[in-house]
Protein chains: 2
Amino acid sequence: ISLADRLLTHPGRLSILYFCVLIALVTLLLLLPFSTHDWVFTNFPVAFFTAVSALSTCGIPVVNTAEYWSMFGQVVILFSIQFGGLGVMTFASIVALGVSRRLKVSQRMLTASELGTTKLSEIKSVLTVVLGTSIIAEVVTFTLLLPELFRVNRGQIGRTLWQALFYAVSAYNNTGFTPDATGLHVNRWGVGLPILISAFVGTLGFPVVLNIVQSVRRRLSPKRWTLHTKLTLVTTGILVLTSLAWFLLVEWGNVALFPADDPGMKLRRALSAAVMPRSAGFDISWVPEVTPETKVFMSLLMFIGAGSSSTAGGIRVTTFAVIILICGASFTGHRDVVVFRRRIPRRIQMTAVSVTTACFALVIVGATSLMFVTGCDFVDAVFEACSAFSLGGYSVGVASAGNPSSMFILAGEMIVGRLGPLTIAYAISRPMAPEPIRYPQENIIVG
Amino acid sequence: ISLADRLLTHPGRLSILYFCVLIALVTLLLLLPFSTHDWVFTNFPVAFFTAVSALSTCGIPVVNTAEYWSMFGQVVILFSIQFGGLGVMTFASIVALGVSRRLKVSQRMLTASELGTTKLSEIKSVLTVVLGTSIIAEVVTFTLLLPELFRVNRGQIGRTLWQALFYAVSAYNNTGFTPDATGLHVNRWGVGLPILISAFVGTLGFPVVLNIVQSVRRRLSPKRWTLHTKLTLVTTGILVLTSLAWFLLVEWGNVALFPADDPGMKLRRALSAAVMPRSAGFDISWVPEVTPETKVFMSLLMFIGAGSSSTAGGIRVTTFAVIILICGASFTGHRDVVVFRRRIPRRIQMTAVSVTTACFALVIVGATSLMFVTGCDFVDAVFEACSAFSLGGYSVGVASAGNPSSMFILAGEMIVGRLGPLTIAYAISRPMAPEPIRYPQENIIVG
Ligand SMILES: [K+]
Ligand SMILES: [K+]
């Protein structure tokens, strides 16, 4: 079998190949002088890191986006975010669909696994909804942002349009890049709220948005939503509320996070702090100022991440929910893992455990490497590794343009965070085969 | 049903009750003036912490054992270590066996679960082996320690005998208490090696020792050892070798850990550093001097811990092995979790996942609480929480006699570490029942 055939028959490998090609392309564009404000050649680590950060929709900046890159460079970054956000495979399929009006089976399967649906016949309509939802969400956010940004920019129309577009794309795709040097104007509801809602919808993931949109169309009650939608919404809700409570309780007196003595302002900031770390990462000015305890809490939150097949990373909320459900079943002496009157299949349980373990190992190895390379604190290293892996976009400044090793470590975390450990594991493993021998069971003592 | 009946029919509850009574008793004895060197009343947190630390065989000291406590106090501590090491239930059963020559069924079941055997008829012979192995191991260690300790103590016979006894009990039971104010004389092979080997055997756990002893008696080849024995030995071996490599590579230049430029001395220290953190915790002088990276590594090692039903804690090596095996099976596309040509039962897999998750949550909550209470670094808080939970006995000095809250947090970690999250979960849960309804399966997307 030729290399091309082997790649095409193996969705995981193709997915990784596409992503690598995109990274190479964007890195090349960013290296060139016309991508920078000062017409200089960017050094390789900075261009590579920025390309990975944008394509993975992570958004950790290593240089100031608005000041370092030229308009061309910023357009490249914006396109990278949009391509990364739509999903590498989804984008490839959309292009193929537009070009040939039909999809190869291998590409359909790929897109299907990316979007979390298994019915090949549904792919075309799914792609339409994905692209449609993205465009609608971005246009709505863009429109809502215009009036307030117009005021902030004191009537400069070109600047306002560009910032609104950049924020709209960046928010829905959950990337933390900001088009202005001072960071996000989160202290105004007019800018903060549309971005917050757009980012939150983006974290749910296409399968959830799709399911809700279809259910509303068919006038189905929420009880008939899929198990995946229910589990994602409930877990997300619990995580956001816990997070909101944590910020209001622990960081109430933190002047850097809550500068004014205005309760409305505090609530706005806390809401933003509760929703954003899970994937968006706007408004990063206050992050290095939080207490170490909050850094630990945020690291855990980022590690859990957001919805499956969303623009956000982490082990995903459903993975976390399955682990908790296994604990619940085990500690109450049940054999079946049951939620919302449905059993979680055993294969899904094994996947959840292995994804969590692999990601935990990745984050710990990444954090320890960062400590070796930069000499930073453990808590900062964990925060930065979790943020990169979960595509969170926050940073406490461990990676710097002067330390290439630290940038490569974080870029590695982002790539795995975007592609997912499962994709990579499947790509390097042989195709699955039925068990040739079933060995006898033997008990061991654990715990 | 009366309270006594409900306790007796529920092994987990009885186990917790026994342990609480022992803690209360030892705390009371240590509170009294004749337990201290200076004939003063010890304050409650210090007495409680020392009682829990000794009974759980953790061994983190909050006062200098040899200088603060009187001979009576030290004898109380020594007995606590021995009772804690034999296992609360095993000890209770031995007493009952000695008194009445027969065991109640509930007590047999309890001891069975403690020792990891399920055949009730074997309990008596198991108890004999447990007690016998303990006594033999301690007498051998005691004898081997005598000549070198005699030299160290410059011929003081009483002092030598007492130190040898204390070390022998403390080593096999994996408690880090030392009878001399200066700490362990690990820079001499004559003292270091017997303690090291005794501690290592103690970490394997009674079921492994029992299985090997029985196999040798019956002249069975190692191939016919139980799966539990094989898995424990292999995982332990890998962990110790990894640990040894880490200390030699990362800490080679650390003057506090390897003071002399003598390779033999360096190997001895590295060996001790590789074996001890997993549960024994002797020779603590160098611990606060290691690099933060090594603290992270040691925390992971302590979290994994040692063998099931051993005097050491942690999630146990078999639990860790099962998690890794699940990952291996999942990433290579296998449905069965197979090792040494045996399938790991599904119930064991669920137990391993839930124990690991619960213990991880416990350690993180403990570490964050320590940060709130003492204002220490995250890395130190994690180290101390892991050490307490895994009954490791090392300390970087986060808990101090002046901060009662920190002592109570660590004591809580030790109690859970000793009893195990499973015991506690079973104790508070209702008795298991067969599943009344089997709900239909539904797929979700994870990872
Ligand atoms: K992001
Ligand atoms: K110990």
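Predicted model: local features only at pLDDT ≥ 70, side-chain atom pairs only at ≥ 80, totals over all residues.
First, the conventions. Local features need pLDDT of at least 70, side-chain atom pairs count only at pLDDT 80 or more, and totals for chains, interfaces and linings use all residues. Residues are numbered from 1 along each chain as its sequence is written, chains are lettered from A in the order in which they are written, and side-chain values use heavy atoms, with hydrogens and water left out.

The same surface serves both copies, as 100% of the contact residues of chain A recur in chain B; contact means heavy atoms within 4.5 Å.

What does the contact take from each chain? It takes 73 residues from chain A and 74 residues from chain B. The buried area is about 7,300 Å², with 65% from carbon and sulfur atoms; that is accessible area (1.4 Å probe) lost on putting the two parts together, summed over both.

The count of salt bridges between the chains is 0 (a side-chain nitrogen of Lys or Arg within 4 Å of a carboxyl oxygen of Asp or Glu).

On the side of chain A that touches chain B, helix 16 of chain A gives the most, with 17 residues; helices are DSSP runs of H or I, at least four residues.

Conventions:
Helix = DSSP H or I, 4+ residues; strand = E, 2+ residues; numbered from the N terminus.
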